[in-house]
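Below are some comments for a colleague who has the coordinates open.

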Amino acid sequence: TEEKLNFLYTNNFSSSLELARAMIFKDHDVLLKLKKEVKEQSEIIYNMDKAAVEVYKSIMKGDKYTILYTDRDFDGSGAGGSWNLIKQILPKNKSDKFLIIQAGTTGATKVGHGLNLPHLQQSLKRQNIKPEEVSLIVTADNAINNGPLYSKDEETGKKLRKTDIGEMQKIVNFFKNKTNIIVTDHHTPNETVVEETDNIMIVCS
């Protein structure tokens with residue numbers, strides 16, 4: 001119903017209700033119109049083209065795993081669905097190296113639903129994947145706030161020194177700087193925003 005569509009798409013991640021309706025009812029004229037709007041929006045997204053090239057190269061090389069690490073809500077699951085469509089059209093030797101991991105907590109760690117090392121380690125172990133076999137990790141709807149923690153000057157509020165390297169750098173260290181991570185997330189960055197490095201790319205508007 002109109003009310004349910006509005007709740008799912010507007011309240012959850014402010015997506016276009018027109019796009020949602022067009023996709024569900026396969027209104028091709030509307031989809032073509034919106035496709036142009038999406039292309040125009042993509043041109044102002046920081047690192048969009050660069051990230052697309054990195055994903056393409058990782059998938060087509062096919063000797064190591066390309067992993068999408070998704071959140072569990074509507075937008076994260078939507079990204080997972082899009083990647084599943086791509087997986088279906090890839091040759092088997094490449095689709096076998098194209099994985100989706102849903103974010104979650106691990107045991108007593110209680111780290112949260114975003115990208116975190118304990119859950120990632122458990123997911124890789126469950127599928128018998130060694131760290132050196134992973135080429136690229138792309139996050140969907142998570143990880144922008146997995147950066148370092150700093151102490152602060154009480155009077156000025158300025159950052160003084162790192163008190164913790166942050167979850168993202170722990171993951172980079174786990175892979176011994178040989179796996180790249182692309183962060184796609186729409187959450188407002190907080191004080192622990194991820195910092196770009198040689199191994200970490202941020203895609204944002």
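1. The expected span of a helix is 1.5 Å times one less than its number of residues. In this predicted model, helix α4 has 14 residues and reaches 20 Å from its first C-alpha to its last, which is close to the 20 Å expected at 1.5 Å a residue. Just after α4, Gly-62 takes a positive phi of about 70°.

2. Ala-51, Val-55, Ser-58 and Ile-59 are buried in α4, and they lie on the same side of the helix because they cover an arc of only 95° around the axis. On the other side of α4, Asp-49, Lys-50, Tyr-56 and Lys-61 are exposed.

3. Ser-58, whose place is in α4 (residues 48-61), can be looked at individually. Because buried means under 20% relative accessible area, Ser-58 counts as buried at its 8% relative accessibility. Leaving aside residues up to four places away in sequence, Ser-58 touches Tyr-65, Thr-66, Ser-135 and Leu-136.

4. Turning to the sheet, five strands form an open arrangement in the order β2-β1-β3-β6-β7, with parallel pairing. Its edge strands are β2 (98-102) and β7 (200-203), each of which pairs on one side only, and neighbouring strands of this sheet are turned by 20° against each other on average, with direction ignored.

5. At one end of that order, β6 (residues 180-184) and β7 run parallel and are joined by four bridges, and Thr-184 stands opposite Val-203 in β7. Helix α8 (residues 167-174) packs on the sheet, where it touches β6 and β7, and its direction makes about 155° with that of β6.

6. Another helix, α7 (residues 117-126), also packs on the sheet, touching β1 (65-70), β2 and β3 (134-140), and the direction of α7 makes about 135° with that of β2.

7. As for confidence, the mean pLDDT of the chain is 80, and 76% of its residues reach 70 or more. Over residues 8-15 the pLDDT is below 50, although beyond near neighbours in sequence this stretch has 14 contacts in the model. Over residues 106-112 the pLDDT likewise stays under 50, and for these residues the model has ten contacts beyond four places in sequence. Where pLDDT is low, the predicted coordinates should not be read in detail.

Definitions and conventions:
Residues are numbered from 1 along each chain as its sequence is written. This is a predicted model: local features need pLDDT of at least 70, side-chain atom pairs count only at pLDDT 80 or more; totals for chains, interfaces and linings use all residues. Side-chain values use heavy atoms; hydrogens and water are left out. Two strands pair if DSSP finds at least two bridges between them. Helices (H or I, at least four residues) and strands (E, at least two) are DSSP runs, numbered from the N terminus. Axes are lines fitted to C-alpha atoms, for helices over the stretch in contact, and angles run from 0 to 180 degrees between N-to-C directions. Contact means heavy atoms within 4.5 Å. pLDDT is the predictor's confidence in each residue, from 0 to 100. Buried means under 20% relative accessible area, exposed over 50%, partly exposed in between (1.4 Å probe, protein chains only). The arc is that of the directions from the helix axis to the C-beta atoms.
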